Amino acid sequence: CKILRCNSEYVAATLHLRGPDRGAAFCTALRSYSLCTRRTARTCRGDLAFHSAVHGIEDLMIQNNCSKEGPTAPPRPRPAAPNPHGFESLDICDYERSFLYKHGRPPGFQHCAAFGDPHIRTFHDDFHTCRVEGSWPLLDNDYLFVQATSSPVAKGSNATVTSKLTIIFKNMKECIDQKVYQAELDNVPAAFQDGSVNGGARPGGSSLAIWERSPGRHVEIRADYIGTTIAVRQAGRQLSFSIRAAEEVARAFTEEQDLQLCVGGCPHSQRMSRSPRGRGRVPAETARALCREMLPVEDVYFQSCVFDVVTSGDTNFTMAAHGALEDARLFLPDAEKLHIFQ
């Protein structure tokens, strides 16, 4: 895939174009850029950078009233000095930086989380408590596959918790080798399955990296090449997953990839009420008091905490809900959506 060459030729052709009088020359450069991407379409079909370039060209042509028909021109040589904005090259493995350069604005982001029973906060801010025993996909798109495996929280209980997480970062030619991360109860490693801590030997390998936030309990995986950050935690006898993903990445899936808990939430048949019923392992009022110490706002995180402590009898579940709330505070693009009330 030669999309890097197309990008660099476009940057070189437009560096000197500034102000309202750039019109015709800018449209010529965009048509040349479009022609170059069409020539690479066959080899670049599954490449995020390629699709970003195609959409960016379409948007810029509409914004600048450029006709798709018209002259194209060879790129001008790039001047030796950096441009006034300090952007010397389009780094294809820095998603946020390249998006800002192409679109003139930062990308949008979405947040999803799975913690506790498990409780799912979807990319669309829906909130479900799920029965989902066995393995279920949280994400399944062109760039990421995330699978959560659940088991009963206690013998004879309908409630389940996440006991294993598998995360696959799919191959991206310019940036990373395919990498697999796997966490299980009492084994939250600060490395991928092959023992590495980054995306490999490719030029953009450092754009995927694992950071240990708390030994054996909390890791953060930064995938800068797709504008995505993932947190994996263990609290008590359960694992939790949180993600901040670029909108473009979160939406990059086909109709066949329709079962994703982060996108559609739990299937209706697998949804549970968060109102504790029957005799719990901890009295509801005791659970409420414990949860209120960690979660003073009585939102869905608080409700989930009470449900989990009552159902499991494990007071460590207060930490699971608190950790999920802290991740949301970091990852949510809109702070006003932090608390959900149902």
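## A left-handed disulfide between C112 and C262

The S-S bond of C112 and C262 has a torsion of about -80°, so this disulfide is left-handed. C112 sits in strand β1 (residues 109-115) and C262 in helix α7 (residues 261-264), and the pair links distant parts of the chain, 150 residues apart. Please keep in mind that this is a predicted model. In it, the sulfur atoms of C112 and C262 are 1.9 Å apart.

Are these two cysteines buried or exposed? C112 is buried, with a relative accessible area of 0%. C262 is buried as well, also with a value of 0%.

## Further disulfides

How many disulfides does the model hold? The count comes to six. Another of them joins C27 and C66, whose sulfur atoms are 2.0 Å apart. Its S-S torsion is about -75°, so the C27 and C66 disulfide is left-handed. C27 belongs to helix α2 (residues 23-39), while C66 is in the loop between α4 (48-63) and α5 (95-103), so the bond ties together parts that are 39 residues apart in sequence. C27 is buried at 9% relative accessible area, and C66 is buried at 11%.

C130 and C266 form a disulfide too, with their sulfur atoms 1.6 Å apart. C130 is part of strand β3 (residues 127-130) and C266 is in the loop between α7 and β12 (271-272), so this pair ties together parts that are 136 residues apart in sequence. Both ends are out of the way of solvent by the numbers: C130 is buried with a relative accessible area of 0%, and C266 is buried with 1%.

## The eight-stranded sheet

Now to the strands. An open sheet of eight strands runs in the order β8-β9-β10-β11-β1-β2-β3-β12, and its pairing is antiparallel. Two strands stand at the edges, β8 and β12; each has a single partner strand, so one side of each is left without a neighbour in the sheet. As background, strands of a sheet pair through backbone hydrogen bonds, either parallel or antiparallel.

At the β8 end, strand β8 (residues 208-214) and strand β9 (residues 218-223) pair in the antiparallel sense over six bridges. Across this pairing, W211 stands opposite E220 in β9. The hairpin of β8 and β9 has three residues between the strands, and G216 there takes a positive phi near 75°. On the next step along the sheet order, β9 pairs with strand β10 (residues 228-235), again antiparallel and over six bridges. I221 has I230 in β10 as its bridge partner.

S150 is in strand β5 (residues 144-152) and is buried, with a relative accessible area of 7%. Which residues does S150 contact, leaving aside its neighbours within four places in sequence? They are P118, V132, E133, G134, T160, V161, T162 and S163.

V297 lies in the loop between α8 (284-294) and α9 (300-312). Its relative accessible area is 33%, so V297 is partly exposed. Not counting residues up to four places away in sequence, V297 touches F302, H339 and F341. V297 and K164 are 133 residues apart in sequence, and their C-alpha atoms are 29 Å apart in space.

## The whole chain

Stepping back, the secondary structure of the protein chain comes to ten helices and twelve strands. The C-alpha trace spans about 75 × 40 × 35 Å along its principal axes. Of the 342 residues in the chain, 51% are buried. Among contacts between residues at least 6 apart in sequence, 59% join residues at least 24 apart.

The accessible surface of the chain comes to about 16,300 Å², and carbon and sulfur atoms account for 50% of this area. As for charge, the chain has 39 positive and 39 negative charges, and their mean positions are 3 Å apart.

Terms used
Residues numbered from 1 in each chain as written. Predicted model: local features only at pLDDT ≥ 70, side-chain atom pairs only at ≥ 80, totals over all residues. Heavy atoms only, no water. Disulfide = S-S within 2.5 Å. Helix = DSSP H or I, 4+ residues; strand = E, 2+ residues; numbered from the N terminus. Buried < 20%, exposed > 50% of the residue type's maximum accessible area, 1.4 Å probe, protein only. Pairing = 2+ DSSP bridges. Contact = heavy atoms within 4.5 Å. Areas by Shrake-Rupley, 256 points an atom, 1.4 Å probe, with all protein chains shown as cover. Lys, Arg positive; Asp, Glu negative; His and termini not counted. Charge placed at Lys NZ, Arg CZ, Asp CG, Glu CD.
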